[in-house]
Amino acid sequence: MAGSSVGVTIPIPEPLAGTLELWRASFGDPMAAVVPPHITLITTTPATDWDETIDHVRAVARDQAPFTVRLRGTGSFRPISPVVFLRLVEGFDECVDLHVRLQAGPLERELAFPFHPHVTVAHDVSDAAMDAAVGELQTFEASFEVRSMGLYEHMPSGLWKLREELHFGQGTDGSQAAAG
């Protein structure tokens, strides 16, 4: 893993993930079929020590209780970044807390932008497609329980490979840990 980059995300469960993938594709986003819907907690962070990194991420997961995310309405990072997203109206603070705890130790680094948890629905598409995403999903609402997060390695091919799914409040052997 020396010289690799890691990412940590919250997966969006089915059938919601499939619905969001279809929406993203409808706006012409080329990544719709390649990048499953998710909430990024840590993005493209260099990691030189796999053992230290996985131990750190496992410890954060072990100390995290499941929580609910509720998505409602859209937002955009335009003009800074060509992204339209679904807003987290519940679970936002839990995601920020997870990000802060994950971004310590072996994953600590300066970020170019403040962390803002979201679910991308359009990225690098035309202004008209971004406007359509904002308008068509303005009243979108869904919720789901978050029970795990995925630890990914960025491969030389440019794709992300899931290295481990980490269930909240559990040790690596699957036993329950005190979460709170």
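Modeller: We can begin with P15, which sits in the loop between strand 1 and helix 1. Bear in mind throughout that this is a predicted model.

Colleague: What makes the peptide bond from E14 to P15 cis?

Modeller: Its omega is near 0°. P79 belongs to the loop between strand 3 (67-76) and strand 4 (83-90). Most peptide bonds are trans.

Colleague: What is to be noted about phi of T44?

Modeller: T44 has a phi near 30°, which is positive although the residue is not glycine. Most residues other than glycine have a negative phi. T44 is part of strand 2. D124 also has a positive phi, near 55°, and lies in the loop between strand 5 and helix 4 (127-136).

Colleague: Why is D124 called exposed?

Modeller: The cut-off for exposed is over 50% relative accessible area. D124 has 51%, so the label is exposed.

Colleague: And why is T44 called partly exposed?

Modeller: Partly exposed covers the range between the buried cut-off, under 20%, and the exposed cut-off, over 50%. T44 has a relative accessible area of 36%, so it is partly exposed. E165 has 42% and is therefore partly exposed as well.

Colleague: Where is E165, and which residues does it touch?

Modeller: E165 is in strand 8 (residues 160-167). Leaving aside neighbours within four places in sequence, E165 is in contact with S148, M149 and G150.

Colleague: Why does T53 count as buried?

Modeller: Buried requires under 20% relative accessible area. T53 has 0%, so it counts as buried. T53 lies in helix 2 (residues 50-62). Apart from neighbours within four places in sequence, its contacts are V6, A47, P106 and L107.

Colleague: What makes C95 buried?

Modeller: C95 also has a relative accessible area of 0%, and the cut-off is under 20%, so C95 is buried. C95 is in helix 3 (residues 92-102). Not counting residues up to four places away in sequence, C95 touches I10, I39, L41, F67, L88, F115 and P117. C95 and V8 are 87 residues apart in sequence and 11 Å apart in space, C-alpha to C-alpha.

Colleague: R24 is an arginine, a residue classed as charged. Is R24 buried or exposed, and how do you know?

Modeller: R24 has a relative accessible area of 9%; under 20% is the cut-off for buried, so R24 is buried. R24 is in helix 1. Its contacts, not counting residues up to four places away in sequence, are D29, M31, A32, V35, T120, V121 and H123.

Colleague: Which residues line the largest cavity?

Modeller: L20, E21, R24, V35, P36, P37 and T120 line it. By class, that lining has 4 nonpolar, 1 polar and 2 charged residues. Helix 1 gives the largest share, 3 residues.

Colleague: What makes this a cavity and not a pocket?

Modeller: In a cavity the 1.4 Å probe fits but cannot get out, whereas a pocket is open. The search of the whole structure finds 1 cavity of 30 Å³ or more, and the largest cavity has a volume of about 30 Å³.

Colleague: How is the largest pocket built?

Modeller: The largest pocket has a volume of about 1300 Å³. Its lining comes to 42 residues, with H38, T40, T43, H118 and T120 nearest the centre. Strand 2 supplies the largest share, 8 residues. By class the lining has 23 nonpolar, 15 polar and 4 charged residues.

Colleague: Finally, how do you know that the radius of gyration agrees with a compact globule?

Modeller: For 180 residues, a compact globule would have a radius of gyration near 16 Å; the chain has 16 Å, so the two agree. Buried residues make up 39% of the chain. Of the contacts with a separation of 6 or more, 73% join residues 24 or more positions apart.

Key
Residues are numbered from 1 along each chain as its sequence is written. This is a predicted model: local features need pLDDT of at least 70, side-chain atom pairs count only at pLDDT 80 or more; totals for chains, interfaces and linings use all residues. Side-chain values use heavy atoms; hydrogens and water are left out. On a 1 Å grid over the protein atoms alone, a cavity is a set of points where a 1.4 Å probe fits but cannot get out, and a pocket is an open set with protein on both sides within 12 Å along at least five of seven lines; lining residues have an atom within 4 Å of a point. Grid points are joined across faces, edges and corners, and a volume is the space filled by probe spheres set on the points. Helices (H or I, at least four residues) and strands (E, at least two) are DSSP runs, numbered from the N terminus. The radius of gyration is taken over C-alpha atoms; the globule rule is 2.2 Å times the number of residues to the power 0.38. Buried means under 20% relative accessible area, exposed over 50%, partly exposed in between (1.4 Å probe, protein chains only). Contact means heavy atoms within 4.5 Å.
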